[in-house]
Amino acid sequence: MEQNIEFRQQLVQEYKQNVMPLLRYLPWLEQTMGKNMSTLYSGQDMTHSLSFPVYDGTLMNFVKEAAKSPLMDKNYKYIYTRNRIHNHDDERRIIKAAGWREWDVLCGILSKYVLEGRVKGVLWSEAVSEQIFYLVLKQMREIIEFYDKPMNLR
């Protein structure tokens with residue numbers, strides 16, 4: 001029994017170390033929930049230019065930091081298949097129910113939007129407007145605080 005508690009505490013400390021750099025974005029993600037984080041740039045001459053999305057700078061910093069964190073799981077598609085996640089409602093339901101044992105599921109959901117967003121950039125804005133980034137980080141923080149101590153984000 002004591003080994004289980006020590007193992008869980010060790011895992012929670014590892015989780016805390018991995019997620020701390022991203023938690024500074026939590027207040028910003030809360031403020032921007034439901035907002036569009038990109039605009040289309042078309043250039044001066046509309047006839048000969050290709051429009052492309054321009055993303056909020058804070059969102060880009062968050063995505064870059066998340067992409068280089070140990071939270072990224074390149075096999076996130078397996079998490080979606082195994083947990084039968086098909087839409088945003090499924091994601092939100094699973095995020096809210098996640099505990100320390102489902103940490104890999106939270107990482108998988110975060111990974112989908114960060115990694116797939118490199119190819120399909122609209123996913124970054126979608127993750128902000130659908131509250132996915134916010135809910136994942138909030139749940140990760142709550143898991144850590146439940147087993148450790150409250151974290152001061154400021």
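Helices (H or I, at least four residues) are DSSP runs, numbered from the N terminus. By that numbering, helix H5 covers residues 88–97. In this predicted model, the salt-bridge count comes to nine.

- Asp90 and Arg93 form a salt bridge through their side chains, with an N to O distance of 3.4 Å.
- The two residues lie three residues apart in H5, which means that about one helical turn separates them.
- An α-helix has 3.6 residues a turn, so residues three or four places apart point the same way.
- Asp90 has a relative accessible area of 15% and is buried, because buried means under 20%.

- Lys16 pairs with Asp148 in a salt bridge whose closest N and O atoms are 2.9 Å apart.
- This pair spans 132 residues, from Lys16 in helix H1 (residues 2–23) to Asp148 in the segment after helix H8 (132–147).
- Lys16 is buried at 15% relative accessible area, whereas Asp148 is partly exposed at 28%.
- A salt bridge also joins the side chains of Arg24 and Glu65, at 2.8 Å from N to O.
- Arg24, in the loop between H1 and helix H2 (26–31), and Glu65, in helix H3, are 41 residues apart.
- Arg24 is exposed at 53% relative accessible area, while Glu65 is buried at 17%.

**Salt-bridge network**
- Salt bridges link Asp89, Arg92 and Glu130 in a network.

**Buried side of helix H3**
- The buried residues in H3 (residues 57–67) include Leu59, Phe62, Val63, Glu65 and Ala66.
- These residues lie on the same side of H3 because they cover an arc of only 165 degrees around the axis.

Conventions. Residues are numbered from 1 along each chain as its sequence is written. This is a predicted model: local features need pLDDT of at least 70, side-chain atom pairs count only at pLDDT 80 or more; totals for chains, interfaces and linings use all residues. Side-chain values use heavy atoms; hydrogens and water are left out. Buried means under 20% relative accessible area, exposed over 50%, partly exposed in between (1.4 Å probe, protein chains only). The arc is that of the directions from the helix axis to the C-beta atoms. A salt bridge is a side-chain nitrogen of Lys or Arg within 4 Å of a carboxyl oxygen of Asp or Glu.
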